[in-house]
Amino acid sequence: MTDADLARPDLTSAGYPAERVSLVDLLDRVLAGGVVVTGEITLSIADVDLVVISLRALLTSVSALTGQDPEAERADRR
Amino acid sequence: MSGGELTRPPGPAPKRVRYRLDADDDPRSAERGLAALVLTIVELLRQLMERQALRRVEDGTVTDEQAERLGYTLMRLEERMNELLDEFGLEPEDLNIDLGPLGPLLDS
Amino acid sequence: MSEDSGVWAYAITEEGHLSGPEGPVDLSWLTGVGEAKVRTVTSGGLAALVSDVSLAEFGEAALRENLENLDWLDEVAREHHYVIDAATRLFPLLPVRLATVYTGDAAVSAALTERGGQLRDALRRVGGRVEWGVKAYAAQHEPEGPNEAEGPDEAKSADADGEPAGGSAQPRTEGGVGLAYLRRRRAQLTAARETKTAAVTGAQEVHAELTAKAADARLHPPQSPQLSGVRQPMLLNAAYLLDAAGSVAFTAAVGGQATAHPELRVELTGPWPPYSFVGGDDDGR
């Protein structure tokens with residue numbers, strides 16, 4: 001694991017620590033990524049019908065969770 | 001009983017999008033939110049009309065006089081839109097509605 | 001486990017990774033969701049990093065409600081990520097999706113046993129690798145909406161009554177004001193469209209170049225302005241999988257792409273644990 005000291009003068013980086021990570025970038029990953037290892041669980045996020053609670057919420061993640069293929073969506077957008 | 005299977009979401013789940021008009025109780029804020037909604041639609045129509053007019057002018061299916069009149073009307077419409085924005089304390093950026101996966105209503 | 005508590009899972013690794021040449025890896029300092037201590041559950045050579053959570057907050061009904069609360073989600077997502085991020089610096093692992101709550105350790109063990117083969121495959125694929133996020137926005141340019149009209153002021157200084165007289169159907173045509181307006185709008189729309197096309201094409205090129213330099217790539221849906229907080233449209237929201245040792249070269253390549261594409265504004269985030277590459281729905285993707 002490298003904490004490489006990288007010269008990125010033109011780019012913004014929001015890496016470690018976790019507090020500086022943008023919430024939307026984080027939710028993109030923890031809600032739609034990660035392994036889903038179900039079994040005897042109380043609730044998997046795959047079962048949750050996430051309601052968008054405000055304009056600043058989870059539209060993209062919701063579409064990923066409902067089985068729509070984000071790559072297909074991207075292809076359509078192009 | 002541990003299923004061990006991966007659970008797929010049961011088909012496309014309904015997504016409810018709530019569009020909140022205002023976050024506070026200021027009546028002007030609610031009015032501005034409503035104005036933004038209405039003016040977004042008006043602006044959409046204005047842009048559509050403008051593009052249609054440009055197309056017809058370029059296709060040559062209107063006379064010069066008609067084109068002049070179209071252009072003049074559109075110009076006045078744009079002025080009026082700016083006046084309305086001022087009246088409601090809105091910026092052009094406030095005019096837009098996010099349709100979720102469909103993207104924003106107004107182009108750019 | 002009591003009836004009131006469940007087990008929240010953070011990550012999965014091979015049991016062997018939990019001990020090193022100097023003995024067991026010390027995780028005693030690590031706390032997760034609700035500031036509970038992180039511990040491990042092992043089964044069949046695999047281990048899960050978990051912590052205990054109260055079902056009052058994380059049981060099915062409560063979870064459904066809490067997941068809709070953005071402030072709650074913000075805090076919990078960061079606590080979840082913190083554990084994964086800290087642990088991934090100690091050993092290779094698979095991040096677990098947010099809000100995977102088991103009824104007890106037995107359920108965790110059973111899950112590890114049942115999915116053991118697939119989990120090991122996934123660990124081989126992404127274990128020890130990192131993810132870099134690249135987002136590209138159209139570079140700032142003039143908006144095309146109202147307020148764009150920097151018209152010749154002399155045309156507008158004509159008196160306010162611009163309405164054509166009824167019946168004559170001839171508006172003022174001082175030097176073809178209307179035609180001039182149409183010409184100006186056409187030029188603006190064309191320029192805007194060309195700019196946008198160039199930016200979209202540029203984003204595709206960037207993605208192709210970076211994909212070629214990475215072990216794998218995934219596209220996330222672009223974030224709307226409301227989500228990104230940026231007015232310009234997001235044209236690329238991608239994740240690239242790299243060996244840890246490849247990070248320096250890759251981030252340099254991202255910088256190079258940013259320079260080569262002035263029509264874009266490029267943002268880099270990372271290094272992330274390989275969230276986007278564990279293929280939640282099927283294996284080997």
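Helix H7 of chain C runs over residues 177-212, 36 residues in all, and reaches 53 Å from its first C-alpha to its last, close to the 52 Å expected at 1.5 Å a residue. The model described here is predicted. Along H7(C), the buried residues include C:Val177, C:Gly178, C:Tyr181, C:Leu182 and C:Arg185. Also buried in H7(C) are C:Ala199, C:Gly202, C:Ala203, C:Val206, C:His207 and C:Leu210.

A partner of H7(C) is helix H9 of chain C, residues 247-260. The two helices pack at an angle of about 160°, with their axes 10 Å apart. Angles over 145 degrees count as roughly antiparallel, and H7(C) and H9(C) are therefore roughly antiparallel to each other. The crossing of H7(C) past H9(C) is right-handed. On the H7(C) side, the contact is made by C:Val206, C:Glu209 and C:Leu210, which meet C:Ala253, C:Val254 and C:Gln257 of H9(C).

Turning to chain B, B:Glu78 lies in helix H2, which covers residues 64-87. With 22 other C-beta atoms within 10 Å, B:Glu78 is buried, since 20 or more are needed for that label. The C-alpha atoms of B:Glu78 and B:Arg46 are separated by 7.9 Å, although these residues are 32 residues apart along the chain.

Terms used:
Residues are numbered from 1 along each chain as its sequence is written. Chains are lettered from A and ligands numbered from 1 in the order in which they are written. This is a predicted model: local features need pLDDT of at least 70, side-chain atom pairs count only at pLDDT 80 or more; totals for chains, interfaces and linings use all residues. Helices (H or I, at least four residues) and strands (E, at least two) are DSSP runs, numbered from the N terminus. The expected span of a helix is 1.5 Å times one less than its number of residues. A residue is buried if 20 or more other C-beta atoms lie within 10 Å of its own, exposed if 12 or fewer, and partly exposed in between; C-beta atoms are placed from the backbone. Axes are lines fitted to C-alpha atoms, for helices over the stretch in contact, and angles run from 0 to 180 degrees between N-to-C directions. Angles under 35 degrees count as roughly parallel, over 145 as roughly antiparallel, 65 to 115 as roughly perpendicular and the rest as oblique. A crossing is left-handed if the near helix is turned anticlockwise from the far one by less than a right angle, and right-handed if clockwise. Two residues are in contact if their C-beta atoms, placed from the backbone, lie within 7 Å.
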